[in-house]
Amino acid sequence: MPRAVSTSKELGALRQDLLDAAMRVLREQGALHLTLRRVADAADTSTMGIYTCFGGRAGLLEAIYEYGFRLLHEAMSRSMDAHTDPLARIMAVAYGYRRFARADPALYALMFERPLPDFDPSPEQRHDALRLCFDPLALATSAAAQEGLIRSTDPQRAAYLVWTTIHGLVSIELTCSLRTPLPGWFLNSEQEGERILADGVRALLSGLT
């Protein structure tokens, strides 16, 4: 039944409950099941609450999208904070990115793929979201260039090359991990996936030196 909302605090609490419920549906059932009814039932409220808090399904999906990038940013930042050396921070970003994707594959897919053909974040939304995961890497790459650890006249461009390497390797591993392992293939275990990622990023960084 509808939940009575009369203050901004209650509205904020309802919004968070609905977002939490949507995340449970996404993780347990997949993106295709992110319907208003399923999310409202998971939050023990009515679909009207979703319209009140998000304006409808599109607004809810946008909120999930933004939330995912905030979580990814936090995961990358936690990994980086343990290091001061710029190259070690770049590798920490790679490991943090991979851990996030493997731990939350349905959310990762919603962020970077098109599991829902009718959901296409605006260019402004995509720009803001991608900056959350790109900026920490760009800072580390700029620091590496300043300290002479890599040679680059454009550290932002170097950061983009590193990010595409990380994203590409992680996405391929995730695709493989959701299927039966191929014996003898490069990604036939979680350990091999981490090793391939490390080899790929280090090879790129070596090329930049």
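Student: Which residues are exposed on the other side of H9?

Tutor: This is a predicted model, where local features need pLDDT of at least 70, side-chain atom pairs count only at pLDDT 80 or more, and totals for chains, interfaces and linings use all residues. Residues are numbered from 1 along each chain as its sequence is written, and side-chain values use heavy atoms, without hydrogens or water. Helices are DSSP runs of H or I, at least four residues, numbered from the N terminus. Exposed means over 50% relative accessible area, buried under 20%, partly exposed in between (1.4 Å probe, protein chains only). On the other side of H9, the exposed residues are Gln191 and Gly207.

Student: Within what arc do the buried residues of H9 fall?

Tutor: The buried residues of H9 are Gly193, Leu197, Ala198, Val201, Leu205 and Leu208. The arc is taken from the directions from the helix axis to the C-beta atoms. Seen down the axis of H9, the buried residues line one face, because they fall within an arc of 130°.

Student: Which helices do the buried residues of H9 pack against?

Tutor: Contact means heavy atoms within 4.5 Å. The buried residues of H9 pack against helix H5 (86-103) and H8.

Student: Is Glu173 buried or exposed?

Tutor: Glu173 is found in helix H8 (residues 155-177). Beyond residues up to four places away in sequence, Glu173 touches Arg98, Arg102, Leu187, Glu190 and Gly193. Its relative accessible area is 3%, so Glu173 is buried.

Conventions:
Helix = DSSP H or I, 4+ residues; strand = E, 2+ residues; numbered from the N terminus.
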